[in-house]
Amino acid sequence: MKYVFGNWKMYLNVENSIALAKQLANFKFDISKVAVSVFPNQLVAREVREVLSENISCGAQNVSAVPMGAYTGATSAELFKEIAFGYALIGHSERRHIFGESNEVIRKKIESCIDSGIIPVLCIGETKEERDNGIKEDVLKEQLSKALENLKNAGEVIIAYEPVWAIGTGDACDPKDAEETHKFIKQECLKYTQSELPVFYGGSVEAENMLSYLTSDTVDGVLVGSASTKFDSFSQMIKEAETI
Ligand code: PGA
């Protein structure tokens with residue numbers, strides 16, 4: 001099984017989000033070969049879930065670390081679970097670097113997902129500077145240990161390797177490099193779990209380069225940003241994933 005996940009971020013307005021969901025709802029693919037999930041903006045979360053067919057699952061772009069209570073502006077994993085969402089992106093680089101989320105906050109969000117029955121997609125990745133300074137592996141190690149050490153049900157987590165410098169830049173990671181890094185990540189995760197965790201690649205994935213990642217044994221899926229907001233490119237990626 002390969003995974004094709006689409007993070008819509010804040011790219012689409014309400015009307016275009018629903019229109020894209022409708023197109024995807026009518027799109028046929030082999031669910032025994034590809035698992036597809038979309039991460040709509042939370043304002044349209046419920047409507048997108050209702051419009052989509054059962055073949056496509058939904059995920060939250062962000063969740064709060066606590067389930068309920070006096071937290072103005074927050075939306076919990078518990079609430080997303082109530083509207084039949086199955087996943088949540090945790091620690092996306094935009095959350096880490098624009099919104100200042102620390103490894104500690106990310107850990108709490110992962111726990112909250114697991115408690116609510118939502119599968120966390122933990123995003124990790126190094127900045128350009130960290131890569132240039134040769135500390136990529138140290139950064140990934142630290143992000144993983146803070147997130148997974150002594151975590152109950154750590155085996156439920158999905159990892160997305162998203163080098164910060166590759167996100168939204170068109171400067172995708174070299175596929176061989178991604179493959180090696182995934183190998184490292186899988187090995188690291190085995191310190192905290194009994195079985196291998198799925199690892200996705202994200203960062204400037206498009207219909208044109210997707211197969212160069214997804215055909216690798218160590219790449220279980222792709223997390224696609226801007227190219228997932230266009231029906232033509234996203235549907236092409238699903239079709240191509242089916243051929244592996
Ligand atoms: P991108 O984003 O595909 O637009 O680079 C990926 C992501 O942020 O998950």
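Is S204 buried or exposed? S204 counts as buried, at 14% relative accessibility. Buried means under 20% relative accessible area, exposed over 50%, and partly exposed in between (1.4 Å probe, protein chains only). This is a predicted model: local features need pLDDT of at least 70, side-chain atom pairs count only at pLDDT 80 or more, and totals for chains, interfaces and linings use all residues. Residues are numbered from 1 along each chain as its sequence is written, and side-chain values use heavy atoms, with hydrogens and water left out.

**View 1. The shell around the ligand.** The ligand is surrounded by 13 residues (a heavy atom within 4 Å). The closest are K9, H92, E162, G168 and S204. By class, the shell holds four nonpolar, seven polar and two charged residues. Here Ala, Val, Leu, Ile, Met, Phe, Trp, Tyr, Cys and Pro count as nonpolar, Asp, Glu, Lys and Arg as charged, and the others, Gly among them, as polar.

**View 2. Polar atoms facing the ligand.** K9 places a polar side-chain atom 2.6 Å from a ligand oxygen atom. From the side chain of H92, an N or O atom is 2.6 Å from an oxygen atom of the ligand. G168 uses its backbone: an N or O atom there lies 2.6 Å from a ligand oxygen atom. On its own, the ligand has 280 Å² of accessible area, and the protein covers 98% of this. Such areas come from the Shrake-Rupley method with a 1.4 Å probe.

**View 3. K9 in its loop.** K9 sits in the loop between strand 1 (2-7) and helix 1 (14-25). Helices (H or I, at least four residues) and strands (E, at least two) are DSSP runs, numbered from the N terminus. K9 is not a glycine, yet its phi is positive, about 50 degrees. Its relative accessibility is 13%, so K9 counts as buried.

**View 4. S204 in its loop.** The loop between strand 7 (199-202) and helix 9 (210-214) holds S204. Phi is positive here too, about 60 degrees, although S204 is not a glycine.

View 5. T215 lies in the loop between helix 9 and strand 8 (221-224). With a relative accessible area of 49%, T215 is partly exposed. Its side chain reaches the backbone oxygen of L211 at 2.6 Å. P175 is 40 residues away from T215 along the chain, and their C-alpha atoms are separated by 9.8 Å.

Note on methods
Polar contact = N/O pair within 3.5 Å; in protein donor to acceptor, adjacent residues only side chain to side chain.
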